[in-house]
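Dear colleague,

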Amino acid sequence: MPPLNLDTAIVGSHLLTFDELDSTNTFALRHGTDGMVIVADSQTAGRGRYGRAWHSAPGLGLWFSVALEGHDAAEGLAFGAALAVREALRTGCHPEIKWPNDLLVHGKKVCGILVERRHGRTALGIGINVHHRPEDFPEPLREKAASLETATGTAWNRAEVLRAVLTHLDRQVMLLRSGKYEAVRRAWADACNLTGRRVRCGGLVGTVAGVDGRGALLLDTYRGVQRLVSGEIALVEGV
Ligand code: BTN
């Protein structure tokens, strides 16, 4: 990884790069200091939400974590991170934020975000698929996942993407630390663009009434308004 020459206040206070780690989030939770960025070329036990494995092959993507300190460091962080990645990728595509915090390009997932907290430390983990060809993904992922290169048909540079994400992330972290949680949450909720859409989540189908102050989805169903804090949603077509 070439020097990033970051001009940031918090994010990137230290930058550690590894050829291989089990998980950059695990490293951040054990050894992270405020603003430290940990990047691994590959992860042997990369993890995603719901305890899923995150495919982290060498040379293909950006697998990194940002360690943050402070008892409320996780507040709004996933919202700010999704906005930061979306902004960073806008030089070459128009990513959508899929609730709660996946980034999709042309309907396929190019980035996942995982915020974890342990012993007072917060790890913000971000995985971005950059160079994969479809056959580089394990078979079950091929339909739903893409890399920036296959989704856009153009070349992407991992160091440039990382620099842009960290720069935008720094702004979001500063906004959150200056008490602007609500502004960040609102920008994220607007970007999710779900209000009034018909969606399915698990066995529930309903119309999205909005997103509440904690980021939960309010789904108007035949059983009344249900509050969903996480889950896998799909738009219901033709309604
Ligand atoms: C998801 O969409 O399920 C979240 C995926 C998060 C993956 C990243 S890759 C860097 C960091 N280290 C991990 O073990 N996971 C996150």
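The area buried between domain 1 and domain 2 is about 1,100 Å², and carbon and sulfur atoms contribute 48% of that area. Buried area here is the accessible area (1.4 Å probe) that two parts lose on being put together, summed over both. On the side of domain 1, the residues that lose the most area to domain 2 are Y50, K98 and W99, which together make up 53% of what that side buries.

Please note that this is a predicted model, in which local features need pLDDT of at least 70 and side-chain atom pairs count only at pLDDT 80 or more, while totals for chains, interfaces and linings use all residues. Residues are numbered from 1 along each chain as its sequence is written, and side-chain values use heavy atoms, with hydrogens and water left out.

The domain assignment, which is automatic or taken from a database, places domain 1 at 15-191 and domain 2 at 194-235. Domain 1 brings 12 residues to the contact and domain 2 brings 14 residues, contact meaning heavy atoms within 4.5 Å.

The interface of domain 1 and domain 2 holds 3 salt bridges, each defined as a side-chain nitrogen of Lys or Arg within 4 Å of a carboxyl oxygen of Asp or Glu. K98 also forms a salt bridge with E232, with the closest N and O atoms 3.7 Å apart. The residues on the side of domain 1 that touches domain 2 comprise 7 nonpolar, no polar and 5 charged; Ala, Val, Leu, Ile, Met, Phe, Trp, Tyr, Cys and Pro count as nonpolar, Asp, Glu, Lys and Arg as charged, and the others, Gly among them, as polar.

Yours sincerely
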